[in-house]
Amino acid sequence: MEKRRTLSVDIGSQNTRAWLFEQREEGYALVCSAVAETSAASGQDLRGGVNRALEALQEKSGLRLLDLHQKLIRAEEGVGACGLSLSAGKPIRTVLAGISDTYSLAALRRLVSLFYTDVVLEIDLQSDLNATAQLEKLIAANADLFVCAGGTNQGAIRPVRAALDNLRIVYQSLPRLIRPQLVYAGNEALTDYAREELEAGEDFHRARNIQARTDAESLAAAWPAMLGAFRRLRRQQLPGLAELEQDWECEALPSAFAASRIVRLIDRMNPGGKGAMALDVGCNSTIVLAARGEDFIGSISHPPISEQVGKETSRYSTLPIDAQTAAAYMLNKKLHQAFLPATLEDLAIEQAWTRVRLHYALRRTRELFPWFGYDPELGLLDPYEPVLLSGESLVRVPAPQQTLLMALDGLQPHGITTFAMDKDQLLAGLGSLAEKEALLPVQVIDSGVFSNLGTAICADASERSSRRVLTLEIDRGESARETLEIRKGEIKRVETTPPGPTRIYLSPNELTDVGMGFPGLGGWVTVPPSEVGTVIDARGRPLELPEEMTRRSEAFYNWLWELGG
Amino acid sequence: MSTEILAIACDQQILRSYTLPFTGSVLVRTGQEVEAGQPVAEIQMPERYQVFDAINGLKINPKNIDRHIERLVGEPVKAGDVIAQKSGLISRLFRASQDGMVVAIRDGRITLALGEKKLQVLATFPGTVVEIIPERGAVVAVQGLLLQGVWGNGLNSSGELTRLEPTESAAGKKQTTADLQGKIAALPHIADEAAFTALLARKPAGLVLGSVMPELLPALAEAPLPVMVLVGYGEYEIDTLSTAMLRQMEGQMVSLNANEADASEQSRPDLILPGKAQVSPGLFHEELQLEPGRHVRLLGKPYTGSIGEIVELPAEPEKFASGLVMRAVVVRREDELIVRVPRENVELILE
């Protein structure tokens, strides 16, 4: 029987990644992956980079994927379904127009946060801004995308009508080479009016009301319209994209949106679980995705480089490095994004900056989604399991222990969770195939493409430093059980090597919370084999770091040593 | 892996597109010589817009609004023209305050586009138009000396290049005279804001800096004149090739295009000394890649800014001091020291 093959490609700002999957007797499996430099600069055709990635994929897999004309070989002897995701391209200049700052504008910020947008203007339709000033601002924004919402389905219409009038003038008057896209996700009584009024043809994207009732918000109601707008813009901006979509019979998804499908899928694969989270830290942006039941949170943030960020980075460095040196490193890295740390000092700054970027991204996510359980002081309060780590800054690291410590310091989780690593940076690649081959992501995930980095047991105790807060009894299936005492301020590792799972009995003291329900409550935990093992983090929340730079870097060094890194 | 290309070239064909963000009129033709600052393309746009709510402004019954509006959409208007009126004992009028056009009438709201402004895109160096981009602009070419940098604040200007000694930027050494007026000044390093302010007081037309300290970035970004950084943030010397290029340009009229560096557009800020040689429009650059014999500039401590020649490109990845395993490039620096650095951490020099 001919094996069914499926291809997925993710076009990033620097790299184009390609993955080839194959249907085997036991289900779909990843055959191999390849990376090539993205060709999107200066109006270059995207297909150049894609073809180079496919050539590398051919070489690795030994399978012929491209014909003599560099076209993908389809049908029975070639590739069946294709998936395409995209994060290349400049941020989409976006204007949000909503009926109030705290209500519809807040929802719109959440809506556009996964679509690589740069919100250049927000218009509160109930503010004092007069129509002339509003129009002037809309024109000056020179936006690629206008997203308008406001009003429940039986709510106010007058301010929205006035805004639509201005949007029509902006759309019709400016002779932009790339036509702006208009998404309407407000009061459904006005949808037809909006379409007729704007006269924007296929540049108008109608969505269901994201706030049909005052007590309900559904961002998913506007996702199809946002995807339509995203694709139309990117097809105009990125040469070769439209042709690629046509040849491959697929439509591109924003990479973060594609990845979010897999996070939601992982959550659904564990019904009644704690929820799933994915963090992607790259040189340009940090992506936070979290799903639990019907709740979904997603954001892309671009941390600034400032004096404060320099200070924070210096604070989290494993070597004594001052804020100015850290800031110089970050600014130089911004100039040369492919730069990789070759020295211990550069690595220390890079990893400290990763922690700071995680803090910033979680804070930003909390600003967008006020119900997101994160406190800048106390860390991640909501339990998520697994937490999937991805992106160059978390994956391209000398040792897995370093990745795990960065994640623990960046998130400061509570209770018990498992960290997994997406070494092949597959999330987006799987997400863009989820609609066409629904079984593929499930089976590929089940095949173990995400490596189990380790289990973290965070013991939060209002005890003084060095006091015993937790006792562990470790059962490896052998006759004798090991016992381990954990003191406040310590981080310890229990190796959990194959073949079998390890059982750990947690016996916290009465002031220690290990996430079993309330302080003092313990119990058995079964942990699977993992790269780092089970890490018991009793350093407390917030993480207390020595004030003096040398002592602080020693503390990080010692923690990493405890993890075996 | 993407290799950054840095041009420090003596006889380089320099091509630059000048395009409008909107469709407009191209003002030049192929083969035409253009000067720095000459408009290449332009578009006329309304200077401002005005939205007038005739229902509330003139106290008109919405049902009768059509009777009171005197103009149609698309109709041009002159300053003083009546656009809408309500007659009566005391008549109320809405007049155009400037020449313009009615762009919309909806629900009693009249939108006027008033006045006119030109949006132009200007050539930043003298050269020859080699290609017209219909309705948007043109490509201008020149043969000359090209020195690229890593950061620019988005401005550009022209002037005679003068090189300053490192001591001339020391904060204590204050000079209040405008002795740099009209000149592009190049100097190795600026350490603090006081030194930068003192330099600005000498009224240069532009600045080319080897390196700057990170805390100076906001001041550089806000500076009213073009500023370009050649090497990066921190305290680094200007590499020898760039220094030699600055020496060649010294005393001559140069164009400083301190564009914001944009990796997605493969664009960098640069300093150009236009030459007299004829441009050859059909000529394409050879594709540069890392190979033995090529010169590179090194990134990352302790080598930042030093120049060397590639002597070897090992096929197998190597483990570096950081613990990361990366593909290396072996470089012989100018001081004959042989160093191994990750391939990502070099800029390939286009000479």
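Chain A is divided into three domains: domain 1 (5-89), domain 2 (92-237) and domain 3 (259-563). These bounds come from an automatic or database domain assignment. The model before you is predicted: local features need pLDDT of at least 70 and side-chain atom pairs count only at pLDDT 80 or more, while totals for chains, interfaces and linings use all residues. Residues are numbered from 1 along each chain as its sequence is written, and chains are lettered from A and ligands numbered from 1 in the order in which they are written.

Between domain 2 and domain 3 of chain A, the C-alpha centres lie 37 Å apart. Five residues of domain 2 of chain A are in contact with six residues of domain 3 of chain A; contact requires that the C-beta atoms of two residues, placed from the backbone, lie within 7 Å. On the domain 2 side of chain A, the residues that touch domain 3 comprise two nonpolar, one polar and two charged. Here Ala, Val, Leu, Ile, Met, Phe, Trp, Tyr, Cys and Pro count as nonpolar, Asp, Glu, Lys and Arg as charged, and the others, Gly among them, as polar.

I turn next to a sheet in chain A. Its four strands form an open sheet in the order β21-β20-β23-β25, with antiparallel pairing. Strands are DSSP runs (E, at least two residues), as helices are (H or I, at least four), numbered from the N terminus, and two strands pair if DSSP finds at least two bridges between them. Which strands stand at the edges? They are β21 (482-487) and β25 (523-527) of chain A, each with a single partner strand, so one side of each has no neighbour in the sheet. Strand β23 (residues 502-508) of chain A is joined to β25(A) by five bridges, and the two run antiparallel. L506(A) has G523(A), in β25(A), as its bridge partner.

Let us now consider the contact between the chains. Chain B contributes 44 residues and chain A contributes 44 residues. In chain B, β5 (48-53), β9 (100-106), β10 (109-114), β18 (227-233) and β26 (338-342) each supply at least two residues of the side that touches chain A. The most comes from β5(B), with five residues. That side of chain B divides into 22 nonpolar, twelve polar and ten charged residues.

Finally, chain B itself has domain 1 (4-10 + 143-274), domain 2 (47-115) and domain 3 (295-350). The C-alpha centres of domain 2 and domain 3 of chain B are 69 Å apart.
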